[in-house]
Amino acid sequence: MVFMKTMFKVDLNKTMDQQEVPGHNRWHPDIPAAFSVNPGESFKMECLEWTDGQVKNNDDPSDIRHVNLDRVHVLSGPVHVNGAEPGDLLVVDILDIGIFDEQPWGFNGIFAKENGGSFLVDQFPEAAKSIWDFDGIFTTSRHVPNVRFAGLIHPGLMGVAPSQELLDEWNKRERELIATDPERVPPLANPPNPENVVLGGLKGADFDRVAREGARTVPPRENGGNCDIKDLSKGSRVYFPVFVDGAKLSVGDLHFSQGDGEITFCGGIEMSGWIELKVDVIKGGMEKYQIKKNPAYQPGPVNPNYNEYLVFQGVSVDHSGKQTYLDANIAFKNACLNAIEYLKTQGFTGEQAYMLLSTAPVQGHLAGVVDIPNTCATIGIPKAIFTKDILPK
């Protein structure tokens with residue numbers, strides 16, 4: 001067995017700002033690197049769960065209801081990759097990923113409408129929580145009974161630092177979006193907020209400046225970020241555009257399992273854990289391969305072996321009956337709602353069914369985007385995750 005040096009360590013009893021080497025929870029080019037590696041080097045990083053310890057292993061959803069979203073996501077890093085320059089591609093291989101033996105559990109939650117909301121916020125405006133216990137590769141929950149499934153652990157969030165120019169572009173376009181409906185609940189986007197920031201080793205005036213400018217980590221952007229791609233697990237390779245010297249790679253928001261879409265927002269099964277990575281650099285790769293606007297990735301060969309699904313479809317007619325034009329968002333919402341209504345006939349509450357779609361390895365697809373006026377989306381639930389036959393009789 002090859003020894004893998006742990007380059008970023010965490011203490012599960014401390015928040016990210018109290019770690020010996022703190023990580024960060026904003027994107028900014030001036031957040032200092034936690035350590036550096038050479039191209040071709042392999043290393044291990046430890047990660048705290050995304051809320052920085054705010055959610056506890058109990059039956060009370062109050063911590064989900066009142067979670068401080070200014071704190072999320074707490075990320076491990078950044079990693080300075082020696083020799084990486086703007087215009088290059090950073091190649092990141094996920095060698096392995098796992099849980100901490102001392103914390104063999106994770107959580108899922110539905111966020112309250114007034115505090116983050118969720119994909120189906122109008123139908124599920126109240127907070128709810130489910131705790132999931134890990135047993136090897138399998139998980140079960142006392143809050144969502146009669147299911148057991150294999151997880152596929154993956155980082156919900158992995159990305160590189162933006163340049164100052166790219167950061168300014170993010171903040172400008174998101175401010176313009178917020179201005180179209182500034183009182184919306186939940187908001188259209190989250191602007192920079194200096195409260196509850198963690199910025200590695202920055203101090204003094206630099207800390208204050210970066211805290212004011214730093215972009216929130218909630219959405220995916222050109223640097224990768226919070227993409228929540230459920231099959232980006234061990235054996236996967238990611239090609240990141242490089243925007244700053246050293247690339248400044250960061251990772252966090254680990255999930256034990258997740259359904260396509262991560263629809264509850266506090267989605268997947270959130271967990272603390274560790275990840276082993278290998279990095280390399282393709283000089284001039286952004287131009288050579290035209291990977292400029294977003295990363296590209298190659299999934300690994302590991303997946304839960306589920307082959308039979310019960311699939312629900314939805315089309316782009318909104319909840320009031322209004323016809324929309326090829327709206328994939330509405331179509332996928334309807335597929336999810338149709339699945340939830342069916343699962344309610346099988347003994348689940350609506351909240352349990354919603355959290356199940358966010359945690360189990362369900363498959364979401366766009367079936368058709370050309371047949372005007374309706375996009376057709378589908379969501380498929382593996383039959384084998386249930387302890388009883390759920391097919392119509």
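Two strands are taken to pair if DSSP finds at least two bridges between them, and the strands themselves (E, at least two residues), like the helices (H or I, at least four residues), are DSSP runs numbered from the N terminus. By that rule, β18 and strand β20 (residues 376-382) pair in the antiparallel sense over seven bridges. The structure described here is a predicted model, in which local features need pLDDT of at least 70 and side-chain atom pairs count only at pLDDT 80 or more, while totals for chains, interfaces and linings use all residues. Residues are numbered from 1 along each chain as its sequence is written, and side-chain values use heavy atoms, with hydrogens and water left out.

## The three-stranded sheet

The pairing of β18 with β20 belongs to an open sheet of three strands, which is antiparallel and has the order β18-β20-β19. Its edge strands are β18 (309-315) and β19 (363-368), each of which pairs on one side only. Neighbouring strands of this sheet are turned by 25° against each other on average, direction ignored; such angles run from 0 to 180 degrees between N-to-C directions, with axes that are lines fitted to C-alpha atoms, for helices over the stretch in contact. Within the pairing, L310 has I381 of β20 as its bridge partner. Helix α5 (residues 328-344) lies across β18, β19 and β20, and runs at about 135° to β18, where contact means heavy atoms within 4.5 Å.

Strands of a sheet pair through backbone hydrogen bonds, either parallel or antiparallel. A second open sheet has six strands in the order β1-β3-β16-β5-β13-β17, and its pairing is mixed. Because β1 (6-8) and β17 (296-298) stand at the edges with a single partner strand each, one side of each is left without a neighbour in the sheet. From one strand to the next, the twist averages 35°. Strand β3 (residues 42-47) pairs with strand β16 (residues 273-282) in the antiparallel sense over six bridges, and S42 has K278 of β16 as its bridge partner.

Strand β3 also holds E46. Is E46 buried or exposed? E46 counts as buried because its relative accessibility is 16%, the limits being under 20% relative accessible area for buried, over 50% for exposed, and partly exposed in between (1.4 Å probe, protein chains only). Leaving aside neighbours within four places in sequence, E46 is in contact with T6, F8, K9, V10, S76, F100, G273 and W274. With V10, a polar atom of the E46 side chain lies 2.9 Å from the backbone nitrogen.

## Backbone features in the loops

Most residues other than glycine have a negative phi, and most peptide bonds are trans.

| Site | Backbone feature | Value |
|---|---|---|
| V72 and H73 | cis peptide bond | omega about -15° |
| I372 to P373 | cis peptide bond | omega near 5° |
| D52 | positive phi | near 65° |
| Q290 | positive phi | about 55° |

H73 is found in the loop between α1 (62-65) and β4 (75-81), whereas P373 is in the loop between β19 and β20. D52 sits in the loop between β3 and α1 and, at 6% relative accessibility, counts as buried. Q290 has its place in the loop between α4 (285-289) and β17, and counts as exposed at 51% relative accessibility.

## Pocket and cavity

Grid points are joined across faces, edges and corners, and a volume is the space filled by probe spheres set on the points.

The largest pocket has a volume of about 1,200 Å³. It is lined by 35 residues, of which G116, P187, L188, V218 and F265 are the closest to its centre. At least two residues of this lining come from each of α2 (164-179), β11 (220-221) and α5, and α5 gives the most, with three residues.

There is one cavity of 30 Å³ or more. The largest cavity holds about 30 Å³ of space, and is lined by H24, R26, W27, H28, I31, P78, A161, K248 and S250.

Definitions and conventions
Polar contact = N/O pair within 3.5 Å; in protein donor to acceptor, adjacent residues only side chain to side chain. 1 Å grid on protein atoms, 1.4 Å probe; cavity = no way out; pocket = protein on both sides within 12 Å on 5 of 7 lines; lining within 4 Å.
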